[in-house]
Amino acid sequence: MILPPHFSIRGGDLFIEGQNCVDLAEQYGTPLYVTSEDRIRTQMQGYRDALSSYYSDISVLYAAKANGNLAVFQILASEGAGADVFSSGEVALALKAGMDPHKLLFNGSSKTLMDLALAVELGIRVSVDSLDELHQLDAVAAEAGKVAEIAFRVNPALEVPTHPKIATGLASSKFGIPHQQIPAAYAEALACSNIKPVGIHCHIGSQILDVTPFAKAAEVMVRIAREITDLGIKLEFLDLGGGLGIPYNHTSETAPSPAEYAAAVMPVFLAGIKECNIHPELWVEPGRSLVADSTVLLATVNSVKKAHKTFVNVDAGFNLLIRPVMYDSYHEIVVANRADQPIAGTYTVAGPICETGDLLAVDRALPGVQEGDLVAVLDTGAYGFSMSSQYNSRPRCAEVLIRGGDAALMRRAETVDDLLASMVTPPWL
Ligand SMILES: Cc1ncc(COP(=O)(O)O)c(C=O)c1O
Ligand SMILES: N[C@@H](CCCC[NH3+])C(=O)O
């Protein structure tokens, strides 16, 4: 199996940067998420360098939902990132990490009036997802005596090669306003006294391993940019969203690099803005491709059971990593304390949750796993902890950040007391 450069195998153990996963598991306990800081920085720099080699006014807005740890926001903020935010919690994290409110975009197809008021108060631009939302925002801004700067979220009606649950720009998707209705939406925005349309936004889906759909989306976006420029709108930013995938299967998959993404998208963008004679900032919103492969989920093997299959029962399940269950996702498995041993059989890695479907990996060729071993689930930095739950009343695990030879907690493990802390006994019980 090919490992990204922040991993190595030394003396049979899996290392992440300069840290032995076996030692980390002993020190912090398992389950445990472990993240390489350097990898996140490298990925962010990859986007910045690729895009800025074509155009000077670019911003990378980290898609905050991918990994909501404050330290991850802080790393990305220090590399100049803004953020695509979907909730007041994501706004709070981005601001606490020092991100510029003007480099945030408040996204979402179902915002509350409180969300809109927060965006207005903080001067965060809003990606408006419906005409109802437009008029709500106009009223909220009027009430605050302010003008809200907006983009519309365009639904470009594009088929994309990914799991149907994470394709977001299909004609049938819940996100965005159908592209045919977009010019009329901007005309309506121009008629609102407390709204200033300054941007345009789309996001076609996630885990896309081919750059062609991104170029197609860019074509739709520059066509619309032309149409709305004719309406008299001065575009300050054009946001192409995120969605670049990663090779979860290290043997059979490859993913385009940010440079390949830029080579597909930037000529379309540059030709389009030249034709309209405009100079908007170009925004992109990667999530997964910035953070996914920075992280492993470490889990201890509680038992190995030979039944219909050979089950490796570990202490992390879909409470901590729901992707395999939710999207049939594949994650590579390394037996972290036998990383140099030959394949000994076919194993199914199962979690501790009381559900038959709680399997992290099915029928994998692995070295001879035994109780007490340590399993590393790779590429879990995106939509891993951020989609975790306390199902079966299991406290969530800790997260550790690695910088070279240093390791430090970036989230402590929850305790059973934490589970109980937010519960209130009704007075009649
Ligand atoms: C609006 C928006 N932007 C960006 C992203 C990030 O996508 P990805 O993690 O696939 O790069 C998402 C999630 O799909 C999203 O909904
Ligand atoms: N949660 C999804 C990605 C969704 C992206 C958010 N729109 C995944 O793990 O692949």
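Good morning. The structure is a predicted model, in which local features need pLDDT of at least 70, side-chain atom pairs count only at pLDDT 80 or more, and totals for chains, interfaces and linings use all residues. Residues are numbered from 1 along each chain as its sequence is written, while chains are lettered from A and ligands numbered from 1 in the order in which they are written.

I begin with the ligands. A residue counts as near a molecule if its C-beta atom, placed from the backbone, lies within 6 Å of it. Around ligand 1 there are 17 residues, of which Ala 63, Ser 206, Gly 242, Gly 287 and Arg 288 come nearest. By class, this shell has nine polar, five nonpolar and three charged residues. Here Ala, Val, Leu, Ile, Met, Phe, Trp, Tyr, Cys and Pro count as nonpolar, Asp, Glu, Lys and Arg as charged, and the others, Gly among them, as polar.

Which residues surround ligand 2? They are Lys 65, Ile 166, Thr 168, Ser 206, Gln 207, Arg 323, Tyr 327 and Tyr 383. Three are nonpolar, three polar and two charged. Ligand 2 lies between domain 1 (7–30 + 294–420) and domain 2 (38–287), because both give residues to its shell; the domain bounds come from an automatic or database domain assignment.

I turn to the annotation. An unreviewed UniProt entry places the feature "active site" at Cys 354; UniProt positions follow the numbering used here, feature names are shortened, and annotations may be inferred rather than shown by experiment. Cys 354 lies in the loop between strand 17 (345–350) and strand 18 (359–366). Helices (H or I, at least four residues) and strands (E, at least two) are DSSP runs, numbered from the N terminus. Is Cys 354 buried or exposed? Cys 354 is exposed, because 9 other C-beta atoms lie within 10 Å, and exposed means 12 or fewer, buried 20 or more, and partly exposed in between, with C-beta atoms placed from the backbone.

Finally, the strands. Two strands pair if DSSP finds at least two bridges between them. Strand 13 (residues 281–284) pairs in the parallel sense with strand 5 (residues 58–63) over three bridges. Strand 12 (residues 237–239) also pairs with strand 13 in the parallel sense, over three bridges. Leu 282 of strand 13 is the bridge partner of Ile 58 and stands opposite Leu 238.

Elsewhere, an open sheet of three strands has the order 1-2-3 with antiparallel pairing. Strand 1 (7–10) and strand 3 (19–20) stand at its edges, each with a single partner strand, so one side of each is left without a neighbour in the sheet.
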